[in-house]
Number of protein chains: 2
Amino acid sequence: MGDRPVKELNFKTPLEVAHKPSLNQIAKTGVCGIMDVISPGVIPGSDTATLALLGYDALKVYSGRGALEAVGSGIKVLSDDVCFRCNFATVKENLIVLDRRAGRIANEDASKLAESLQKIKLENSSNAEFLFKNTIQHRAALVVRGPKLSTAVSDSDPGKAGEKILEIKPLDESLESNLTTEILRDLMEKFREVLRQHPVNNERVKHGLPPANIILCRGAGTIPKVKPLPKKYGITAACIAAASLIRGVSKVAGIKLIDVEGATGTPQTDFKAKANATIQALKTNDFVLLHVKATDVASHDGNIKLKVELIEKIDEMLGYVLNNIDLTSTYLAVTADHTTSSTTRNHEGDPVPIAITGPYVRRDDVEEYGERACAKGGLNRIKGMDLMPILMNLIGKTKKFGA
Amino acid sequence: MGDRPVKELNFKTPLEVAHKPSLNQIAKTGVCGIMDVISPGVIPGSDTATLALLGYDALKVYSGRGALEAVGSGIKVLSDDVCFRCNFATVKENLIVLDRRAGRIANEDASKLAESLQKIKLENSSNAEFLFKNTIQHRAALVVRGPKLSTAVSDSDPGKAGEKILEIKPLDESLESNLTTEILRDLMEKFREVLRQHPVNNERVKHGLPPANIILCRGAGTIPKVKPLPKKYGITAACIAAASLIRGVSKVAGIKLIDVEGATGTPQTDFKAKANATIQALKTNDFVLLHVKATDVASHDGNIKLKVELIEKIDEMLGYVLNNIDLTSTYLAVTADHTTSSTTRNHEGDPVPIAITGPYVRRDDVEEYGERACAKGGLNRIKGMDLMPILMNLIGKTKKFGA
């Protein structure tokens, strides 16, 4: 939701120009501030940002995107599994990437392809197995399971179109790293063979769609070892999010995932359905995380107008939530997991706005929810990993340190 | 002194409604801010808070309340002594706690009982000894001294009335932990025998007062290993405080304790006497810590009216100090060691206000001393352990880091 001043908006931010009565109400009745999700100037990923917002020191516990994506996809990831974030992609015969997202392939096509890929038999001396699962559009997760594996392997994903896919290499000289590299290379080769001649891809080509003829992998990692929130604070917690990375982080943090029909992680998501699920979840949970991915998608596409519209939809959604919860006993914090610049079309390290309302916050005189307005608020400037302790303190779930 | 907005005060804080011309003058002529004594949202104890305010990293050096209480009581604690915070308490025959404070037993009664307890002989193979001293009302400190002791022993204090006292247990499998447990159990048994038949308790029962028929112990710890302030900054330092925990932390930090007649650590303390002692101490010391416990006591009792009155007494005290020190050469910082909510009646993790006045501070435009007013000040939001370096920098007692 956060942004930098945008030239096309006369150097205001999308949040500053949006019509947002509910966000403003939260700011007006609450205590505001700005927040460095990781640390000043550090650009957060969605995964590290969510870890931080849930109170973990991402700089210490983060161990790659792959495992979080895999957990979020619904795979039961074990503690030593080596996981990868994967893309269905389109390459030419010479392995130059044409489209890293295979035309943002539809879920249905990706599911059929994934099903075929999962049938592959790995032949290797170490009895390693794999699990492959598609999530939204071109996104998928790969889990490699077995003894003596390592996360010290490089990506095959070159990160942009027009470049050749990268050779997977061991990143240290250990036996484990070499073995994992070997397994992964073998698997990618077999994936490619299956995809090249797959009927789904033949159909796609017929319809002028780019075939998903390769799997790109990146971000080898294991699940972060963190103390789950229910244990840490003695709370019940639920998450309403469609993006598998957010779901993954939440699950790792011990938060129940609530599935909402129509929640898609895209600009077309059903905002009202998410609001309703939140209102319901608040009846039986101490803590509910409601995440909307859409504004980030609009920023990555540089679609300023859409971003403003989506902020207005979020505002409407929050208005509905505000009207249906008991604000004499509930605290509500609104923030972003990172700034995404509509100009650079990337995540940026600028702080995000934050507002917390509820019965006993020290209400300040900020009247508007925005990057600059919130900077004058009573929270001043906080860090992402401090948000959870601040909220848990407000609802009486932190323990005294000392006597 | 800090609080959350209080419903009964129309969501202002006691500090915000109090008449406080001197505190406001300090804010007006000074630089203000808010301060997370330990870390945002973390609830400080009085001991960890004072360690932090004196510039130490409490998360690293804190090792239990016992040792600080013992030092504060006047016991000469050695570096390997295992110390406990103790309560004179009242239990039924079945060891269910009736009153954790034995009716807030008078100092005189507690002193007589403590004297008898100190006469007990420990029989143990390891030549361990003990020192027991009462402080204020039901509070006491116990020091166990000897070779091969450990702090890894559990509390006997169940923490609330209506529960049975807890069995003291070793917290690891070391010989030291087992030996300390054995000594402690033996001692608690002997304490109980002496207290059960003590004339003081017979008298108390006659007068309808709860007998102090047991000692509860908790918070096993050794003294924190910290660099004393006189060494760290090359300063002379004095402390004016009645609460033994504050005295203990100060002593550990190498600060001279100044005894003030009439300073009691209660709402009835002699504010004027403390002010006078401060003015005197400032003539021969670079740094004087003046601590008032009373507002915390009122908050724990949920007595909002008393808290406001006490803040006004502190304000008067500070007015007297301001009129009797040379503000062209003295810096004065006013803050709280933690927020105590008059509503929850507990310490809370909300930040505290801070104002620093003196000849060369960067005076800001804050006009009032309060939780919200100070949040707009020039100090922004700082951490408790940064206060001491900030003050020492102002008086020219910090050294350059680098060249």
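**Notes on the predicted model**

1. In chain B, the axes of α3(B) and helix α15 (residues 384–394) approach within 6 Å and cross at roughly 30°. On the α3(B) side the contact is made by Ala49(B), Ala52(B) and Leu53(B), and on the α15(B) side by Gly384(B), Met385(B) and Leu387(B). Sorted by class, this contact has five nonpolar residues, one polar residue and no charged residues. The coordinates are those of a predicted model, and the values here should be read accordingly.

2. Thr48(B) also lies in helix α3 of chain B. Is Thr48(B) buried or exposed? Thr48(B) has 28 C-beta neighbours inside 10 Å and therefore counts as buried. Beyond its neighbours within four places in sequence, Thr48(B) is in contact with Ile38(B), Ala58(B) and Tyr62(B), and also with Phe401(A) and Gly402(A) of the other chain. The C-alpha atoms of Thr48(B) and Arg65(B) are separated by 8.6 Å, the two residues being 17 apart along the chain.

3. The contact between the chains takes 31 residues from chain B and 19 residues from chain A. On the side of chain B that touches chain A, the elements giving two or more residues are β2 (43–44), α3 (46–53), β13 (347–348), α14 (371–374) and β15 (380–383) of chain B. Of these, α3(B) gives the most, with four residues. By class, this side of chain B divides into 11 nonpolar, 11 polar and nine charged residues.

4. Strand pairing also links the two chains: strand β15 (residues 400–401) of chain A pairs with β2(B) in the parallel sense over two bridges. Pro44(B) in β2(B) is the bridge partner of Phe401(A), and Phe401(A) is also among the contacts of Thr48(B).

5. Helix α13 (residues 304–323) of chain B has 20 residues, which at 1.5 Å a residue should span 28 Å; the end C-alpha atoms are 29 Å apart, which agrees. Its buried residues include Ile304(B), Leu310(B), Ile314(B) and Val321(B), as well as Lys307(B) and Asp315(B). Among the elements covering the buried residues of α13(B) are α1 (14–17), α2 (21–29), α11 (271–284), α12 (294–300) and β11 (332–335) of chain B.

6. Chain A contains an open four-stranded sheet of order β10-β13-β1-β14, with mixed pairing. Its edge strands, each pairing on one side only, are β10 (332–335) and β14 (380–383) of chain A. From one strand to the next the twist averages 30°. Strand β1 (residues 31–36) of chain A pairs with β14(A) in the parallel sense over four bridges, and Asp36(A) stands opposite Lys383(A) in β14(A).

7. Two helices of chain A meet this sheet. Helix α2 (residues 21–29) of chain A packs on the sheet and touches β1, β10 and β13 (352–357) of chain A, its direction making about 65° with that of β13(A). Helix α14 (residues 384–394) of chain A lies across β1, β10 and β14 of chain A and runs at about 100° to β14(A).

Definitions and conventions
Residues numbered from 1 in each chain as written. Chains lettered and ligands numbered in written order. Predicted model: local features only at pLDDT ≥ 70, side-chain atom pairs only at ≥ 80, totals over all residues. Contact = placed C-beta atoms within 7 Å. Nonpolar A, V, L, I, M, F, W, Y, C, P; charged D, E, K, R; others polar. Pairing = 2+ DSSP bridges. Expected span 1.5 Å × (residues − 1). Buried ≥ 20, exposed ≤ 12 C-beta atoms within 10 Å, placed from the backbone. Axes fitted to C-alpha atoms, helices over the stretch in contact; angles between N-to-C directions.
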